[in-house]
Every structure is written in C-alpha cells, then in structure tokens.
2 protein chains.
Amino acid sequence: MRLVIAHCSVQYTGRLSAQLPPATRLVMVKADGCVAVHADGGAYKPLNWMNAPNRLVEADGVWIVTNPKGEILTITMEEVISDTAWEMGPDPGLQKDGVEAHLQALLAAHCDQHLGLRLVRREYPTDIGPVDLLCKGPDGVTIAVEVKRRGDIDGVEQLGRYLEFLNRDPLLRPVRGMLVAQSVRPQARVLATDRGIRWIEVDYDLLRGAESRDLRLF
Amino acid sequence: MRLVIAHCSVQYTGRLSAQLPPATRLVMVKADGCVAVHADGGAYKPLNWMNAPNRLVEADGVWIVTNPKGEILTITMEEVISDTAWEMGPDPGLQKDGVEAHLQALLAAHCDQHLGLRLVRREYPTDIGPVDLLCKGPDGVTIAVEVKRRGDIDGVEQLGRYLEFLNRDPLLRPVRGMLVAQSVRPQARVLATDRGIRWIEVDYDLLRGAESRDLRLF
DNA sequence: GCATCAATGTCGCCT
DNA sequence: AGGCGACGTTGATGC
C-alpha cells in the first residue's frame, strides 16, 4: 500500500463529472491498483477514487488513472509532502454475525412464538426466487413471510411478486403475505396495507434473547 | 490525519458483530475523530470503521473506540510499524456535475422543448412519495414523469406505483407515465412498454447545451 | 431528528 | 459477465 500526502487537485470524469480544488489530502494506492483520495474528515468515503482494475500513469506530477470503462481520474500533485509504501500481504478477511440471514434463521426457529404461525418451509422456491418462510396460520391458510432488516417499499413489491406466483398454485391458494422487519418504513406500511399484506416489526435482540434462553434449557 | 501501519486485530460490536484476525493493515484516524481500518485491497471501503462522533481511548496497545449509540470498535495493536500524523486543514469539498437533481432541473426548465410537455409541478406528492415531474401533454392528458440517470427496472416499477395511486384521483385521471433517462436499459424498455409507459433517452450534454444557449440570450 | 432517496454506491452470491 | 439484493450502506435534503 502506497500512501501519498500531497497538496493536489483532482478531476474525475466518468459516470459523472467531479472536481476537487487544490488542498492537502491523502492519496491511497492499494495493492490491487485502486486509488482513493481522502480528506481529513467525512467518514470513511473518499472524495474521489478509482477502483481496480485500472491503469495508473505517473508523469510530471500528474497522475492519470484510467479504467476499461473509459472513466478517468486525474490527480495533479502540486506538492508531495510524503510518499511511502508498505508491504502488507493478503488479508484474512472479515467475519460477520447478525445480518439478515440470522434474523431469518431466528424467526424460522421460533415461528410460532414470534409470528403465531407454523413453519412449513424455509426458502420455499418459486419461479422468481425463494420465499423466505412459508407458513400456515392458525386458520390453516398459507402465509408467505418476507424477512428484512428494514421493511421498505422494495420488500413489499418483492413479497407481492411471490404472492402472485404462489397464488397460481391451486394446492396452495389462497396465500397471504406478511412482511417482517426490525422496522417497517411508513411508505412501506401504506403500500403493504394497500396490497393486503400484513406487516410486523420484531426486535432482533429479543429474538436473540429468546434463542439463548431456549438454549439454556437444554 | 493520523496514519498507523500496524499488525493488528479488530473487533466490532454494534449493529452487528464483526471481527478481523491479526494482519498488517492501515489504521486511519481523521481530524473529526472517525477511524477506519484498511486492508491493502478491496476498493475504497475499509474493513472496519467507526464514524464521528466517537471517543477513542488508547492504552497498552489496545484502541477502544466507542460512540453514543453504544457501538464499540476495538483494535488490538500487536506491532506498530509506523505512526505518523499530518496537518491538512479543511477541505474545500467536491463539486459534482451530472447527478439526477441536475437532470431533473434541466428537464423541468425545458419540459416543452425536450419532452413536448407542459410542466404542472415538480415533486408532486403522493401517499407513497413524490413524482419527479407532473405534466400535461398536448392533448391535455396528465403525464407523470420519472427522471433517472439510468433507466432501470426499478424506475419503471416506481413510476408504476405512482401511476396506480395518481389514477385513483378522479381530478387527475387518466394519468400516463413517462420514464426519462440518459440511458434506458433493455429490460426496463420491455417492462415499460408492457405497462404502457413511454420511455425516452435524453442527452445530458445536449440539455446543458440548450441551457447555456438559452442563458446566453439574456 | 426522522424519513426519504440518490449513489462514480460497494460487495457478495448466483446464474 | 450480468442480474439481484444486502449493506454497520453513506450522504444529502426536506420536513
């Protein structure tokens, strides 16, 4: 990884045009060739960047980075304050825990408890993709459950499409929908209600709590 | 801006849990206090981070970064290879040109010229969000225009939802749809046509050209 | 401060 | 390689 501290100006032309007036910044070049220009503030997003794969040409204090898509990043180095490079080797990578898949797993395991439903199948396949949970309600009616961390309009549409296909199956019909999320946005509530889809908010920590309590019983 | 090259391991607990095994990485601390841990590859996104506002406590080779939301980032420094700091001052910031807002503004200003429509209102509100442009066609029919940089299936769906709601208003009905974008993807074309939604591609440079020509007249 | 929406989104999975 | 969906999305804007 190469780190350059420099007074520089930057120009990007590609999917849009953007430019940076001269100022002191950090230019980071990673081993895969990607280039990022960071200011001394503003979260982790760089001001300008060019991802790999690309080609960096350096001449007369001007860096020109181009990629196969025809995007161009030009960095004009007015004064280089520091220029260092470090060998890091490959990174073992990030381990994550607590994403949507976990939410779905917890809900599947405690469907009756949290949703008042009986689980028929997880990832029930349809022609346009798998439904997160297929359940039966107390009245025996089939219910397709879509699990999201955040319930958004997209999720309602997605569930709507599943329902459309599921309801073509005479063995399942009628199928109703339920959107389950840690929070359901107001607009998604409106659309869901409009489409006859129920929505519920669940608390991930509560689910996890219930899970560990259950585990302790064994 | 402080740059630390170190062999370190990282743990994050907050909206999810994530951990990084020991390896050599860059730890970046910006003037606003935000912390980012970068590997030597993988675009511009850091492996782990903690945005401002936060509090960084450094003791015995362990950095503990906490924020008001209760998230915790722990960096265990096994070996510090380099630790430097640079004064950069404030950044003048990025100037962008060619984002959706510009496109919408240009189209709104020259609706008749580029779309053959008369503008009724920008950002016309519905229960599920605002329509970019509400216009009237030469025949007096109301037309909802959705503006995108790229016309994708999502945009067609979005416009479809607006139309569904707009067409419930007896004062507006019938409302037709038009998708305007710099480029409309093949799948979006098919879906739009299927839904009776017109689509048009516009050239941003041409729009801007027309704009500056108009300006020169005054 | 919350809700909403765009983004040079990025990233990972799957076909 | 392209489509699709999640993301600790981030960032900006309007209310």
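**Figure 1. Gly155(A), a buried residue in a helix.** Gly155(A) is buried, with a relative accessible area of 2%. Buried means under 20% relative accessible area, exposed means over 50%, and partly exposed lies in between (1.4 Å probe, protein chains only). Gly155(A) sits in helix H3 of chain A, residues 153-166. Helices (H or I, at least four residues) and strands (E, at least two) are DSSP runs, numbered from the N terminus. Leaving out residues up to four places away in sequence, Gly155(A) touches Glu146(A) and Lys148(A). Contact here means heavy atoms within 4.5 Å. Leu179(A) is 24 residues away along the chain, yet its C-alpha atom is 7.6 Å from that of Gly155(A).

This is a predicted model: local features need pLDDT of at least 70, side-chain atom pairs count only at pLDDT 80 or more, and totals for chains, interfaces and linings use all residues. Residues are numbered from 1 along each chain as its sequence is written, chains are lettered from A and ligands numbered from 1 in the order in which they are written, and side-chain values use heavy atoms, with hydrogens and water left out.

**Figure 2. Arg25(A) and its contacts.** Arg25(A) belongs to strand E2 of chain A, residues 17-29. Its relative accessible area is 0%, so Arg25(A) is buried. Where does the side chain of Arg25(A) reach a backbone oxygen at 2.7 Å? That oxygen belongs to Pro21(A). The backbone oxygen of Cys8(A) also lies 2.8 Å from a polar atom of the Arg25(A) side chain. A polar contact is a pair of N or O atoms within 3.5 Å; within protein, one must be able to donate a hydrogen and the other to accept it, and residues adjacent in sequence count only if both atoms are side-chain atoms. Setting aside neighbours within four places in sequence, Arg25(A) is in contact with residues of chain A including Val4(A), Ile5(A), Leu20(A) and Val37(A). Its contacts in chain B are Met88(B), Asp91(B) and Pro92(B).

**Figure 3. Gln104(A) in helix H1.** Gln104(A) lies in helix H1 of chain A, residues 100-109. Is Gln104(A) buried or exposed? At 4% relative accessibility, Gln104(A) counts as buried. A polar contact of 3.3 Å links its side chain to that of Glu123(A). Neighbours within four places in sequence aside, Gln104(A) is in contact with Arg122(A), Glu123(A), Asp132(A), Leu133(A) and Val147(A).

Figure 4. The peptide bond from Arg173(A) to Pro174(A) is cis, with omega near 0°. Pro174(A) is in the loop between H3 and strand E12 (175-184) of chain A. In chain B, a cis peptide bond joins Arg173(B) and Pro174(B), with omega about -5°. Pro174(B) is in the loop between helix H3 (153-166) and strand E12 (175-184) of chain B. Now turn to Ala43. Ala43(A) is not a glycine, but has a positive phi of about 55°. Ala43(A) lies in the loop between strand E3 (35-38) and E4 of chain A. Its relative accessible area of 27% makes Ala43(A) partly exposed. Ala43(B) has a positive phi of about 55° and is not a glycine either. Its relative accessibility is 28%, so Ala43(B) counts as partly exposed.

**Figure 5. The protein around DNA strand C.** How many residues surround DNA strand C? There are 24, and the closest are Arg15(A), Gln187(A), Gly42(B), Ala43(B) and Arg149(B). A residue is near a strand if one of its heavy atoms lies within 4 Å of it. Of the DNA strand C atoms within 4 Å of the protein, 81% belong to sugar or phosphate and the rest to bases. A backbone N or O atom of Gly42(B) is 2.9 Å from a phosphate oxygen of DNA strand C. E11(B) gives the most, with three residues.
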